[in-house]
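Trainee: Before I use the labels in this annotation, I would like to see which value stands behind each one. Can we go through them by term?

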Amino acid sequence: MIDIIDLNFQGKPAVIASYVLRGPRGVALIETGPASSYPTLKAELARLGIELAQVTDILVTHVHLDHAGAAGWLAQESGATLHVHHVGAPHLVDPSKLLASAGRIYGAAMDRLWGETRPAPAGQVHAVADGDVIDAAGLAVTAVDTPGHAWHHLAYLWEGLCFTGDVAAVHFPALPHVRVPTPPPEIDLTAWRRSLTRLAELRPDQLFPTHFGPVAGEVDAHLQEAAEQLTLAAEFVYRRWQAGESSEAIIDAYKPWIAARALADGVDAAAAARFEIIVPSEMCVQGLVRYFQKRGG
Ligand SMILES: [Zn+2]
């Protein structure tokens, strides 16, 4: 059985999830959310009748602060093993570079958005590689290297259920609209497309993106839609970037474009606001522009 914790990020429902798996050996969590919602995570665990000491394993898909910001806190307070991509692992033990990088992106909003990130105890961190089978509270969870949104990104597969972090895009329950989070500094479109193909080939029964909740219905259609959105967003930004438009001008064009697409998919104003919280247009454009610059055109 899976419990879905809604971390109520920034007071908004259904933006960031933490998934709870109960196994024979204890409780495993997939994603912790940021430090700013750690009190909510603890309160929701308590509401589910779970004490911190019962949490034996923490799995994070990647080390971005909205996914793993509270991992250090939870590892410290529960004593659980923290499973993370081997490239991301050093950044949870010493988050200084991670925080500096996020600080360049979020500036003065850092504290309000993400709270105080704590280092994870090195002895509790398990650096994970592609294909590793993790003993998560006694359940066998397979790690799937899925770069593209970030180089340090894993999806986790357990009994046909696939926890996809950000690689299989962002969606909200009961809405057909998907949005691809393309923030700086290290998106890679080629790797991302390959990861989406790989996920499809694994034929999971159900997807669980961190933002937010299970994908109901066709897994293949969702993954295809994610790949299409990635291509459309990239083409939109690429054409303007190549024509010499500034990032600001591209952002000004991207916002109404993506809003119109969302509207056409039936997204109302409240859901549109939630998309902008977790997938801000500025960030999506900046990430793509940076990728094209690095690639050299
Ligand atoms: Zn991310």
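**Labels and their cut-offs**

Mentor: Helices α9 and α11 cross in a right-handed sense. The model is predicted, so local features need pLDDT of at least 70 and side-chain atom pairs pLDDT 80 or more, while totals for chains, interfaces and linings use all residues. Residues are numbered from 1 along each chain as its sequence is written, and side-chain values use heavy atoms, without hydrogens and water.

Trainee: Why is α9 called oblique to α11?

Mentor: Helix α9 (residues 247–264) packs against α11 (residues 281–295) at about 125°, with the axes 9 Å apart. Under 35 degrees is roughly parallel, over 145 roughly antiparallel, 65 to 115 roughly perpendicular, and the rest oblique. The pair is therefore oblique. The axes are lines fitted to C-alpha atoms over the stretch in contact, and angles between N-to-C directions run from 0 to 180 degrees.

Trainee: Which residues make the contact?

Mentor: From α9 they are S247, I250, I251, Y254, K255 and I258; from α11, S281, E282, C284, V285, Q286 and V289. Contact means heavy atoms within 4.5 Å. By class there are seven nonpolar, three polar and two charged residues. Ala, Val, Leu, Ile, Met, Phe, Trp, Tyr, Cys and Pro count as nonpolar, Asp, Glu, Lys and Arg as charged, and the others, Gly among them, as polar.

Trainee: What makes α7 and α8 roughly antiparallel?

Mentor: Helix α7 (residues 189–201) and helix α8 (residues 219–242) pack at about 170°, with their axes 9 Å apart. That angle therefore puts α7 and α8 in the roughly antiparallel class. Residues in the contact include W192 and L196 of α7 and L223 and L230 of α8. The contact divides into 10 nonpolar, one polar and two charged residues.

Trainee: How do you know that C284 is buried?

Mentor: Buried means under 20% relative accessible area, exposed over 50%, and partly exposed in between, with a 1.4 Å probe and protein chains only. C284 has 2%, so the label is buried. C162, at 1%, is buried as well.

Trainee: Is H177 buried or exposed?

Mentor: H177 has 0% relative accessibility and therefore counts as buried. It lies in the loop between β11 (170–171) and β12 (178–179). Leaving aside neighbours within four places in sequence, its contacts include R261, D265 and F275. The C-alpha atoms of H177 and R261 are 8.3 Å apart, although 84 residues separate them along the chain.

Trainee: Which peptide bond has omega near 5°?

Mentor: The one from P184 to P185, which is cis. Another cis bond joins H211 and F212, with omega about -15°.

Notes
Helices (H or I, at least four residues) and strands (E, at least two) are DSSP runs, numbered from the N terminus. A crossing is left-handed if the near helix is turned anticlockwise from the far one by less than a right angle, and right-handed if clockwise.
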